[in-house]
Amino acid sequence: MSDGRIYNFSAGPAVLPEEVLREAAAEMMNYRGCGMSVMEMSHRSKMFDDIINETEQDLRELLKVPANYKILFLQGGATQQFAAVPMNLMKKGVADYIITGRWAKKAYEEAQLYGKANKIASSEDKNFTYIPDCSDLPISKDADYVYICENNTIYGTKFWQLPNTKGKLLVSDVSSCFLSEPIDIEKYGVVYGGVQKNIGPAGMVISIIREDLISDEVFPGTPTMLKWKTQADERSMYNTPNCYCIYICGKVFKWIKNMGGLEAMKAHNEKKAKILYDYLDESKLFRGTVVKKDRSLMNVPFVIGDDTKEKKFIAEAKAAGFENLKGHKSVGGMRASIYNAMPIEGVKALVEFMAKFEKENK
């Protein structure tokens with residue numbers, strides 16, 4: 001990478017496209033001749049109104065978001081939506097959750113505060129190293145929705161086939177696979193994701209919600225700020241939004257469009273992931289931890305199985321310019337997050353380093 005930058009494999013906040021950072025740097029002191037930074041301008045100004053409108057339109061084009069879905073730029077991150085989802089959707093007080101990792105489990109636990117949350121499938125028995133069969137689930141007759149975390153950042157698994165919800169509404173947290181590939185928005189009632197992994201700086205969640213699911217009928221005591229209708233009616237500007245994050249996300253959307261859109265981004269991500277997975281499958285020292293058919297393109301956990309060697313690898317990798325390869329504290333080992341903005345050169349360089357380490361540490 002250029003300008004003394006390292007290869008950043010962080011799971012989030014994560015690497016951003018260099019082109020976007022350079023554009024933002026060039027506009028930091030004086031955005032398009034207005035004499036100030038986007039950080040300083042009023043969210044009620046015509047200039048910022050143009051920014052948020054263009055950002056939303058570019059996202060609609062990238063994801064082919066139908067007109068009957070609202071796009072909300074919200075504060076509180078994806079974790080705040082763990083509460084907002086049941087507060088806004090639990091009309092009958094029942095929801096079904098598929099538990100495939102830490103964040104799905106946290107969302108499930110949060111939902112229990114507002115109604116009856118049913119765990120209808122889980123991969124916890126094998127430490128979340130696979131996606132359970134979701135073709136014929138025991139869907140609750142009175143469920144208001146079925147909930148998944150589509151890509152599991154910590155464990156490196158991905159739903160490559162959406163669950164059969166038997167006609168029930170599907171809600172998906174897509175935080176760590178957001179805009180990594182095309183998706184059919186109409187298969188979901190709600191799609192949301194924190195932007196700090198694949199799209200922008202930390203501090204915001206983007207929620208895409210079908211219009212008929214946005215109403216005044218919410219859980220009693222729902223805070224005004226957590227009512228989707230409050231946010232939708234005010235175009236995400238009921239209060240001061242995360243203006244700078246919206247601005248950077250808009251630049252990333254344009255970067256993805258310039259890269260060829262989501263089909264091209266998926267091909268780019270598949271190519272990167274194949275390089276790393278192929279090496280792990282051949283290695284005698286390192287091994288991946290996920291069932292092959294459920295592997296994520298975004299987050300690749302791997303282990304050596306020897307704590308001393310793993311600590312040595314992480315330390316030597318850091319010294320060589322490969323940052324944030326330490327696995328999540330709940331699972332240990334290593335993890336390479338190779339989001340959209342990670343260049344293929346970064347993955348190739350990592351594999352070369354791993355091969356060198358393996359040769360030296362047989």
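The legends below describe close-up views of a predicted model. Local features need pLDDT of at least 70 and side-chain atom pairs count only at pLDDT 80 or more, while totals for chains, interfaces and linings use all residues. Residues are numbered from 1 along each chain as its sequence is written, and side-chain values use heavy atoms, with hydrogens and water left out.

**View 1. The open antiparallel sheet S11-S12-S14.** Three strands make up this sheet, in the order S11-S12-S14; strands are DSSP runs of E with at least two residues, helices are runs of H or I with at least four, and both are numbered from the N terminus. Two strands count as paired if DSSP finds at least two bridges between them. S11 and S14 are the edge strands, each pairing on one side only. S11 (residues 287–288) is joined to S12 by 2 bridges, with Arg287 partnered by Val303 and Gly288 opposite Phe302. On the S14 side (residues 334–337) there are 4 bridges, and Asn299 is partnered by Ser337.

**View 2. The two faces of strand S12.** In a regular strand the side chains alternate between the two faces of the sheet. From S12, Asn299, Pro301 and Val303 point one way and Val300 and Phe302 the other. Of the 5 residues in S12 (residues 299–303), 5 are buried, where buried means under 20% relative accessible area, exposed over 50%, and partly exposed in between (1.4 Å probe, protein chains only).

**View 3. Strand S8 and its parallel partners.** S8 (residues 170–173) is covered on both faces, with Leu170 and Ser172 buried on one side and Val171 and Asp173 on the other. S5 (residues 146–149) runs parallel to S8 and is joined to it by 4 bridges; Cys149 stands opposite Asp173. S9 (residues 190–194) pairs with S8 in the parallel sense over 3 bridges, and Ser172 faces Val191 there.

**View 4. The kinked helix H3.** A kink of about 30° lies at Ala83, shortly before Pro86. The bend at a residue is the angle between axes fitted to the seven residues ending there and the seven starting there. In H3, 11 of the 13 residues are buried, including Phe82, Val85 and Met87.

View 5. A salt bridge is a side-chain nitrogen of Lys or Arg within 4 Å of a carboxyl oxygen of Asp or Glu, and the whole structure holds 27 of them. Asp50 and Lys46 meet at 2.8 Å, N to O; both lie in helix H2 (residues 46–63), 4 residues apart. Asp50 is partly exposed because its relative accessibility is 34%, whereas Lys46, at 60%, is exposed. Lys229 and Asp233 also meet at 2.8 Å, N to O, and both belong to helix H5 (residues 228–233). Arg295 and Asp281 form a salt bridge with their closest N and O atoms 2.7 Å apart. This pair links distant parts of the chain, Arg295 being in the loop between S11 and S12 and Asp281 in helix H7 (residues 261–282). Arg295 is buried, at 12%, and Asp281 is partly exposed, at 33%.
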